[in-house]
Amino acid sequence: MRPSVFTAGTSAAAQLSGATEAGGALILAGGAAASAALGLAVMRRSPATLSSYGLRQPARLRAALWLAPAALTVLIMLVSQGIHVGGPTLAAYGVLVVAVALNEETWFRGIVLAVLRARSVRSAVVGSSVLFGVLHLANLAGGEDAGAAILQVVFAALFGLVAAQLVVLTGSLWPVIVWHAAWNFVSFAGGNTTGPGATVGIGIAIAAMLAYALLLRRHLLALTRVETSDEHVAVR
């Protein structure tokens, strides 16, 4: 998958270059931006419109509780971890998280989700989230130990599940791009700490995501029933 190739390649390049933490973040951001541009080019060359991939204004925000649970997860992590990175490094991470969010959402919740929706909404939501989680094993190329990488795979799959549900429900990539970027920025700003406070925070955030996933599932089932009913009426 192209996003993981860019991630692994730029991670290796950042390590081999001997760049500072800020410099390494900018190298990674460059790779993510290039991958996002490629994904956008794939969208443009396909028969579908950009809006059908989610590059449009979000709808049904009330059903998604105005995205408040997603924002809450970011706030929980900010409070539990705090900010331990400053200056140029924090600014470089700001660039990185925007590039990564645009890249991964373009491919996974944009292209992959759209392709899998040809089978069913359920296949699209579950398939894209599982793939998103598994491909985070590419972080092993960045030097993470196996245990941490596996935990990140599980968490990424859960994040991908909620993000995919939000895209299907709202019809837009923009809310999940913002959420993705904000979550990563808070994680980086906290120095990826693993202390008791951070552990409790991520546990609460995971519980909030699970509850949000169940709520979104209910609304998606209702939406799917309405769309199926409309299709039957149209056929008659």
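The structure is a predicted model, in which local features need pLDDT of at least 70 and side-chain atom pairs count only at pLDDT 80 or more, while totals for chains, interfaces and linings use all residues. Residues are numbered from 1 along each chain as its sequence is written, and side-chain values use heavy atoms, with hydrogens and water left out.

**The chain as a whole**

The chain holds eight helices and zero strands, where helices (H or I, at least four residues) and strands (E, at least two) are DSSP runs numbered from the N terminus. Of the 236 residues in the chain, 42% are buried, a word that stands for under 20% relative accessible area, with exposed meaning over 50% and partly exposed in between (1.4 Å probe, protein chains only). The accessible surface of the chain, computed by the Shrake-Rupley method with a 1.4 Å probe, comes to about 11,900 Å², and 67% of this belongs to carbon and sulfur atoms. Among the contacts (heavy atoms within 4.5 Å) with a separation of 6 or more, 80% join residues 24 or more positions apart.

**Helices H4 and H5**

Two packed helices are described by the angle between their axes and the distance between the axes. For helix H4 (residues 87-116) and helix H5 (residues 121-134), the axes come within 8 Å and cross at roughly 140 degrees; such axes are lines fitted to C-alpha atoms, for helices over the stretch in contact, and the angles run from 0 to 180 degrees between N-to-C directions. H4 and H5 are therefore oblique to each other, since angles under 35 degrees count as roughly parallel, over 145 as roughly antiparallel, 65 to 115 as roughly perpendicular and the rest as oblique. On the H4 side, the residues that meet H5 include Phe108, Val112 and Leu116, and their partners in H5 include Val125, Leu131 and Phe132.

**Threonine 106**

Threonine 106 is also part of helix H4, and it counts as buried because its relative accessibility is 10%. Leaving aside residues up to four places away in sequence, threonine 106 touches Ala36, Gly39, Leu40, Met43, Ala101 and Ile111.

**Two leucines in a loop**

The loop between helix H2 (21-45) and helix H3 (68-81) contains leucine 65, and leucine 67 lies in the loop between H2 and H3 as well.

Leucine 65 counts as partly exposed, because its relative accessibility is 41%.
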